[in-house]
Amino acid sequence: MVHPTAPPEAATLDAVFAALSDSTRRTVLESLGERSLSVTELAEPHGMSLTGFMKHLRVLENAGLISRTKEGRIVRCELSPRPMQEAAVWLSRYEKFWTGRLDALARFLYHQEETEWQNLPTETPKNKSAPRSSSAGTTASRPKKSGAPGPTRKR
């Protein structure tokens, strides 16, 4: 929901992101990225009623992502990329933020790796056998064989 004092661009962004949240609508936009298509051509691969598909087109049209034109009895749809460009600009601000954060993390990890590398022991131990535990307790060894055979099924 848009806050009453929010700028009109916020309502546009909300409508664009709501429209893009559905895979059917994203597929329609991908199809229209290649060329304009009729409603029938767009609806065909989705296997839903034309009435149900028209609801998807209405959401896309209300978000400004498509425009519809009527040529005789055929309704054609065309991609309107402007709202997606505005959404991309909005997202790019956050991309810069996260890129800066990820770069800082990479520098930190690189510094940690360099520090650990310098702190590795330079001598190897003279006794090459496996290190022994400092605990005084012992662990019982596993039994060598399984128990007695169980009952067999009669046929």
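Here are a few friendly notes on this predicted model, point by point.

1. Ground rules. Residues are numbered from 1 along each chain as its sequence is written, and side-chain values use heavy atoms, with hydrogens and water left out. As the model is predicted, local features need pLDDT of at least 70 and side-chain atom pairs count only at pLDDT 80 or more, whereas totals for chains, interfaces and linings use all residues.

2. Overall layout. You will find five helices and three strands in the protein, in the order α-α-β-α-α-β-β-α along the sequence. Helices (H or I, at least four residues) and strands (E, at least two) are DSSP runs, numbered from the N terminus.

3. The sheet. Strands count as paired if DSSP finds at least two bridges between them. The hairpin of S2 and S3 has two residues between the strands, and Gly-72 takes a positive phi near 70 degrees there.

4. The core. The largest nonpolar core has 18 residues, of which Leu-42, Leu-57 and Leu-60 touch the most other members. Helix H1 (8-20), helix H2 (23-34), helix H3 (39-43) and helix H4 (50-62) each supply at least two residues of this core. Such a core is a set of buried Ala, Val, Leu, Ile, Met, Phe, Trp, Tyr and Cys residues joined through side-chain atoms within 4.5 Å; buried means under 20% relative accessible area, with a 1.4 Å probe and protein chains only.

5. A look at Leu-42. Leaving aside residues up to four places away in sequence, Leu-42 touches Val-28, Ser-31, Leu-32, Leu-37, Phe-53, Leu-57 and Cys-77. Contact means heavy atoms within 4.5 Å.

6. H2 against H4. These helices pack at an angle of about 70 degrees, their axes 10 Å apart, which means H2 is roughly perpendicular to H4 (65 to 115 degrees). Thr-24, Arg-25, Val-28 and Leu-29 of H2 make the contact with Phe-53, His-56, Leu-57, Val-59 and Leu-60 of H4. The axes are lines fitted to C-alpha atoms over the stretch in contact, and angles run from 0 to 180 degrees between N-to-C directions.

7. Whole-protein totals. Buried residues make up 16% of the 155 residues. The protein exposes about 13,400 Å², and carbon and sulfur atoms supply 55% of that area (Shrake-Rupley method, 1.4 Å probe). Among contacts between residues at least 6 apart in sequence, 49% join residues at least 24 apart.

Notes:
Buried < 20%, exposed > 50% of the residue type's maximum accessible area, 1.4 Å probe, protein only. Parallel < 35°, antiparallel > 145°, perpendicular 65-115°, else oblique.
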